[in-house]
Amino acid sequence: MKQDMIVILDLGSTENTAIARKIREMGVYSEIHPHDISPQELNRLENVRGIILNGGENRMVDGVAVDVSPALYECGFPMLSIDHPTARCERKLDSMPEDDALRDFVFEVCRAQANWNMKNFIEDQVEQIRRQVGDKKVLLALSGGVDSSVVAAMLIRAIGKQLTCVHVNHGLMRKNESESVIEVFRNQLHANLIYVDAAERFLGKLSGVADPEEKRKIIGGEFIRVFEEEARKLEGIDFLGQGTIYPDIIESGTKTAKMVKSHHNVGGLPEDLKFELVEPLKQLFKDEVRDCGLELGLPASMVYRQPFPGPGLGVRCLGAITRERLEAVRESDAILREEFANAGLDKKVWQYFTVVPDFKSVGVKNNARCFEYLVIIRAINTVDAMSASIERVDWDVLQRITDRILAEVENVNRVCYDMSPKPPATIEFE
Ligand code: XMP
């Protein structure tokens, strides 16, 4: 079923996202498009019911105010302009619309129907994917993160075995993480899944490398090489699935918004491996991606997975990675996650993990002196990861986690809790 849509044209306002969200919360689908969309492109979007032009602080680009093509006013769609006095629109507002004014425009002027929901969205995307891909094949790097997992589930729904997923285990995954990717995608959703156990290869390359940036470079570069090798083994792949979501597009910079950070999905593939992209989540916000995953039947543990850095436990096993300390990070992290879930903190705390530094401290075990590693627990809350405050974890919960780590994790004789907010500390240690 086709969903009614309100199009927001981006004239450089940072409020566009908030407006799109408000409209979606009213049950009407809304997309943001560049200001210079042509009437032809606009007419190609299906079920457009109205257009919002929103000027703003970034409207000046290279000293010139950007504007929409005059021909757009002739397309016959109801238009609302915000902070854009020259526009020939039905409705004008001087600032971010109050909910009532927006509601009035969406329902009374545009006569849009509140038929946006995940079921309809998935149905639309499935149809679009089938149209785009035809009988060709799609390749997807499936890390097990929220975005790539939801894309995989969507593509499986749309094209089944025409999708090949590649899961690269770089040996820096959390405990049972690769196993759960295999269980969900191969055993439950019957996906074509290639599992690459590259742990030895990554650990070999990382051996003796202590510099954090160097470690990141090796992990990122090696990941692309492994993925590329797998891609070359497959025949007749024309498309690459990507878990791009709406905030990635905003952060990478639109025509008016400045770039926040470069977006890194599976970039960096060699020039001769050319794929057309399939990005069915690129209009969704993070919470909508989670809803979409649940609707597609993914387990809540996968859909509500906390953020996990691409280089994985590699940046939590500080300095040069050793197997001994990597196991200590993995086992202590698993205990922390289990106890946070038991205490209901997994639904409250934004990110929590353990870190093992590359030094030892003195202790006593079995009446004898020991010289072993320490585990640091970190639990933080944040909205955008730019700044963060620590979670004030209940003393008894911390005690239980500490007791378990000391009893169950080998080569560890001490546990500490990190009290530092960001800034000045970052969330990760490396
Ligand atoms: P920092 O340590 O910069 O972390 O305060 C902010 C957020 O980003 C995550 N993070 C990464 N994610 N690749 C990623 O995909 C990385 O190299 C990386 N480094 C940090 C971190 O876990 C936190 O959520």
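The chain divides into three parts: domain 1 (5–109), domain 2 (118–303) and domain 3 (316–417). These bounds come from an automatic or database domain assignment. The centres of domain 1 and domain 3, taken over C-alpha atoms, lie 49 Å apart.

This is a predicted model, in which local features need pLDDT of at least 70, side-chain atom pairs count only at pLDDT 80 or more, and totals for chains, interfaces and linings use all residues. Residues are numbered from 1 along each chain as its sequence is written, and side-chain values use heavy atoms, with hydrogens and water left out.

**The cores**

A nonpolar core is a set of buried Ala, Val, Leu, Ile, Met, Phe, Trp, Tyr and Cys residues joined through side-chain atoms within 4.5 Å. Buried means under 20% relative accessible area; exposed means over 50%, and partly exposed is in between (1.4 Å probe, protein chains only). The largest core holds 55 residues. Ile51, Met154, Phe185, Leu281 and Cys292 have the most contacts inside it. Helix α5 (residues 146–159) gives the most to this core: 10 residues. Domain 1 (5–109) and domain 2 (118–303) both supply residues, so the core lies between them. Another core lies apart from it, with 49 residues, including Phe202, Ile321, Tyr352 and Ala379.

Take Leu281. Not counting residues up to four places away in sequence, Leu281 touches Asp147, Val150, Val151, Met154, Thr244, Ile245, Tyr246, Val289 and Cys292. Contact here means heavy atoms within 4.5 Å.

Helices (H or I, at least four residues) and strands (E, at least two) are DSSP runs, numbered from the N terminus. Strand β11 (residues 237–241) is mostly covered, with 4 of its 5 residues buried.

**A buried glutamate**

Glu372 sits in strand β15 (residues 368–381). Is Glu372 buried or exposed? Glu372 counts as buried because its relative accessibility is 14%. Its side chain makes a polar contact with the side chain of Lys365, at 2.7 Å. A polar contact is a pair of N or O atoms within 3.5 Å; within protein, one must be able to donate a hydrogen and the other to accept it, and residues adjacent in sequence count only if both atoms are side-chain atoms. Leaving aside neighbours within four places in sequence, Glu372 is in contact with Phe359, Lys360, Ser361, Lys365, Asn411, Val412 and Asn413.
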